[in-house]
Amino acid sequence: MKLGLDRRTSLNRFLTSWKSEDDPAPGSYSHSFEPTRYPQLFLYKDRAPYWHAGPIIEEHQGAISKMAKDFIYDFTTVNNAMEVTMMYSVVDASVISRIMVHESGSVKLFVWHDEEQWWTEFYYNPKEHCEYYLKCGPNGICGANNGVQFDCTCLPSFEPKSPGDWYLRNGSGGCKRRKGAVICRSGEGFVKVKRLKLPNTSTARVDMSLSLKECEQACLRDCDCTAYSSANESMGNMDVSKWYGDLVDTRVFSDLGPDLYVRVNAIDLGTHC
């Protein structure tokens, strides 16, 4: 199965939910592969982002289930002058599987069990609070705390836009630059935030020629540059991204994921050294 855009014909392949369980008319949810510099998988609800898997890169598949990738599907991406697409192919040809967008608002993978004659749900997304788009608002970061603590925190050098809402565990308003934070040619620098689903790359610029250090210097010289990352840093590849404006839909992973270097003022830089 292939999702994405054929640049030659403008054909855009995507999945759509049914309107209801017994009504096959197009429903509210759609699943698509967006042709940004680092292409991204999205689930939309009424054309508004509902779930964002993160940039699709070679080593890390954002919020896609690693088990599904290793044992059921192989994911192949193409991003060139002719197309920007993502292909799902079955690893084991004996396995019968299907992907669907459910009318309740989730992308589901099913595997067929021939002996029992039924479909088993193998994985689905979104599955936890931090996977819903903008759960913690712009410049917020979500880290699932299993209900004991509030899931949302602010990225370094940011503070809640509405402290009252955050006290009530509503982080949708996100975060703003800390009052008095000067981040333009005033001794600022970058703080590394580890193991993330990177922010939405719609406002990012990708450079395939810069090293991570060169990207840092380029971002530092540009006062509008909010953060940078090397998606394939662990593989030694030179493909870096710089973000401008708000950092949207970022979350922490417990075991893997690229690092994000966030621009902070001199005071915050000193506290994180």
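Predicted model: local features only at pLDDT ≥ 70, side-chain atom pairs only at ≥ 80, totals over all residues.
**Exercise 1. The whole sheet**

*Solution.* Step 1. Give the order. The open sheet has four strands, β3-β4-β5-β6, with antiparallel pairing.

Step 1. β3 (15-20) and β6 (48-55) are the edge strands, and each pairs on one side only.

Step 2. From one strand to the next it averages 25°. Here axes are lines fitted to C-alpha atoms, for helices over the stretch in contact, and angles run from 0 to 180 degrees between N-to-C directions.

Step 3. Take β4 and β5. β4 (residues 23-34) and β5 (residues 40-45) run antiparallel and are joined by six bridges. Phenylalanine 33 faces leucine 41 of β5 as its opposite residue. Serine 30 has tyrosine 44, in β5, as its bridge partner.

Step 4. Take β5 and β6. Five bridges hold this antiparallel pair. Opposite phenylalanine 42 stands histidine 52 in β6. The hairpin of β5 and β6 has two residues between the strands, and aspartate 46 in this hairpin takes a positive phi near 50°.

Step 5. Check burial (buried means under 20% relative accessible area, exposed over 50%, partly exposed in between, with a 1.4 Å probe and protein chains only). β6 is largely enclosed by the rest of the structure, because six of its eight residues are buried.

**Exercise 2. Aspartate 249**

Where does aspartate 249 lie, and which side chain does its own side chain contact?

*Solution.* Step 1. Aspartate 249 sits in the loop between β20 (240-244) and β21.

Step 1. With a relative accessible area of 5%, aspartate 249 is buried.

Step 2. List contacts. A polar contact is a pair of N or O atoms within 3.5 Å; within protein, one must be able to donate a hydrogen and the other to accept it, and residues adjacent in sequence count only if both atoms are side-chain atoms. The side chain of aspartate 249 makes such a contact with the side chain of histidine 52, at 2.7 Å. The aspartate 249 side chain also reaches the backbone nitrogen of leucine 134 at 3.1 Å.

**Exercise 3. A cavity**

*Solution.* Step 1. Define a cavity. On a 1 Å grid over the protein atoms alone, it is a set of points where a 1.4 Å probe fits but cannot get out; lining residues have an atom within 4 Å of a point. Grid points are joined across faces, edges and corners, and a volume is the space filled by probe spheres set on the points.

Step 1. Count and size. The structure has three cavities of 30 Å³ or more.

Step 2. Name lining residues. Among them are Leu134, Asp249 and Arg251. β12 (140-142) and β21 (250-252) are the elements that give two or more residues to this lining.

Step 3. Sort by class. Ala, Val, Leu, Ile, Met, Phe, Trp, Tyr, Cys and Pro count as nonpolar, Asp, Glu, Lys and Arg as charged, and the others, Gly among them, as polar. The lining has five nonpolar, three polar and three charged residues.

**Exercise 4. Two serines**

Is serine 10 buried or exposed? Is serine 157 buried or exposed?

*Solution.* Step 1. Serine 10 lies in the loop between β1 (2-6) and β2 (11-13). Its phi is positive, about 65°. Serine 10 is exposed, at 59% relative accessibility.

Step 1. Serine 157 lies in the loop between β13 (152-154) and β14 (158-160). Its phi is positive too, near 75°. Serine 157 is buried, at 1% relative accessibility.

Technical notes:
Residues numbered from 1 in each chain as written. Heavy atoms only, no water. 1 Å grid on protein atoms, 1.4 Å probe; cavity = no way out; pocket = protein on both sides within 12 Å on 5 of 7 lines; lining within 4 Å. Pairing = 2+ DSSP bridges.
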